[in-house]
Amino acid sequence: MSAVRSRGRTPSERLRVVVGIVLAAILAAVYLGLDPTEFFSHVRSWKVVREFFGAALAPTLTSESGSGYFLLPQIWEGLHATVVFAVAGMGLALVIGTVFGFLASSAWWEGELVDASSGWTDRAVRAIGPVVTGTVRVIIAFLRSIHELLWAMLFLSAFGISNAAAVLAIALPYGGVLAKIFSEMLDEAPRDAASLLRAAGGGSGTVLLVGLMPRALPDIATYSFYRFECALRSSAVLGFFGFPTLGYYISASFENLYYREVWSYLYALILLVGVVELWSGWLRRRQEFA
Amino acid sequence: MTWDLSVRNASVRFGTTVALDGVDLAIKAGESVALVGPSGSGKTTLLRLLGAVLSPTAGSVRIDGTDVAQRSPRDLRALRSRIGTVPQDLRLVPELRVYQNVAAGRVGRRSFLGLTRDLLFPAQATLTEIHTLLDRVGIEEKLYHRVDQLSGGQRQRVAVARALYQEPELLLADEPVSSVDPARARDALELLCKVAAEHHLTFVTSLHHIDLAREFFPRLVGVRRGRIEFDVRSEDVDEGAIERLYSLEADELLEEGATR
């Protein structure tokens, strides 16, 4: 009876958790002095609000500066840079995530897959495993607890506006997040096939490769696509620091109050994210039904 | 050159639970044996001893004439690489394709890179060899199918092909009829017995279905509460022995109740 209870919550405990979450949200709102009835009275200029959202219905492909030049080349360049920085950052993040994710998981040294009685390599792996995993977990916690915009500021002051600064600003925090998620997915993947292959004489490395990795891979791929979508948005926002991505053009148009231009760039970004979503969805379906 | 097996006075304890209690069993090379008995009797533990994945707490297990405990780690891996197992839950990798699951059977004898190649860019010779095995188990058209799209019976055939791809000397199966629907139980056993005979393998399976065991196996070993109850040719097994093997469950329950 006690074994059953310790595994789950009773209905009253569950209720307490829900009430606790709601109370925390209300307390935070009260502390910040949020008052829904006063929210709109703080709006400084309804005219600006109207203009900005009105422009959403009338995006433009010619500049609002009156010079009459065509916006498409700028949109294209902004999109192009956004994608290139996101791809480079995400590529490096995948390397960091894969290597650190594997090391941060306990699958490669813990449990029956590594048999302490079978040779010195396995004994060594068992001995150093916890140390390596602990160290790597601290590193990835550090990487992901600093936001990409803070990393960008850091690298900007170190390198100035350079492509490497933007790529690293995306790659480090994203690598940290990927590593954390990958390691959890590896640790949660079912180990039945791996333990059978172990019983068929497989070494621990080979068994992890064949028996465990494929079980975590579909989830890892799905999550990586989601993070790529996030990387596109981060890459666009990095433009506000002067990198040539969509954010650069958006901030320039914003400063000139060219809201219709701003919306053109925003729609381009939405379109880009949509295309990536369609692409990843197509890949997932192909994988499932092939 | 298939292997003979000998278990001498072997006991296995998990904490305070005694799973096997002084078991003696000798199986000749090329012999087919069914371990019968109620669930929880120790059949699976005995199979794990024979598969060299579990060491006895006391006593010894000799496979191919050598005590398993005396073997070096390298030697033990080489031994395990020639023991094909079809476990009750099959233990396939559902995300991988059939040929990849079968290729994984040779994990004990392939290098890391060699196996990576077998999975991603298999050589024509490898595919041909796997296709031949699939043909033997009757699912040659499923070579490139993902395992999670196969039926239970087809999956079991993949597991059998994987065991055969190990080029085993010893074939072990744990309750092979429980992973297929009852109508296919006979097919599953027919297949296992056929491949064991064709390859002249030593073949040991656990099976709680006594009628099927009598029909398919020349020798039955009755296991109950960690001990060997009888070890007879299947035409010699008498109804009384079978009744004792299974009916004693009742007083076990009583005993369990009394110790609580």
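The model is predicted, so local features are reported only at pLDDT of at least 70 and side-chain atom pairs only at pLDDT 80 or more, while totals for chains, interfaces and linings use all residues. Residues are numbered from 1 along each chain as its sequence is written, and chains are lettered from A and ligands numbered from 1 in the order in which they are written.

In chain A, the domain assignment gives domain 1 (2-42) and domain 2 (72-289); such bounds come from an automatic or database assignment. Taken over C-alpha atoms, the centres of domain 1 and domain 2 of chain A are 32 Å apart.

Chains A and B meet through 20 residues from chain A and 26 residues from chain B, where contact requires C-beta atoms, placed from the backbone, to lie within 7 Å. On the side of chain A that touches chain B, α8 (192-199) and α9 (204-238) each supply at least two residues. Helices here are DSSP runs of H or I with at least four residues and strands are runs of E with at least two, numbered from the N terminus. The most is given by α9(A), with ten residues. By class, this side of chain A has eleven nonpolar, seven polar and two charged residues (nonpolar: Ala, Val, Leu, Ile, Met, Phe, Trp, Tyr, Cys and Pro; charged: Asp, Glu, Lys and Arg; polar: the others, Gly among them).

Chain B holds an open, antiparallel sheet of four strands in the order β2-β1-β4-β5, with pairing defined by at least two DSSP bridges between two strands. Its edges are β2 (17-27) and β5 (66-67) of chain B, each pairing on one side only. Two bridges join β4 (residues 58-63) of chain B to β5(B) in the antiparallel sense, and R62(B) stands opposite D67(B) in β5(B). Helix α1 (residues 43-50) of chain B packs on this sheet, touching β1 (5-14), β2 and β4 of chain B, and its direction makes about 125 degrees with that of β1(B). For such angles, which run from 0 to 180 degrees between N-to-C directions, axes are lines fitted to C-alpha atoms, for helices over the stretch in contact.

Most residues other than glycine have a negative phi. In R91(B), however, phi is near 55 degrees; R91(B) lies in the loop between β6 (83-86) and α3 (98-103) of chain B. R91(B) counts as buried because it has 21 C-beta neighbours inside 10 Å. E167(B), also not a glycine, has a positive phi of about 50 degrees and sits in the loop between α6 (152-165) and β7 (170-174) of chain B. With 13 other C-beta atoms within 10 Å, E167(B) is partly exposed. On this scale, with C-beta atoms placed from the backbone, buried means 20 or more other C-beta atoms within 10 Å, exposed means 12 or fewer, and partly exposed lies in between.

Notes: Contact = placed C-beta atoms within 7 Å.
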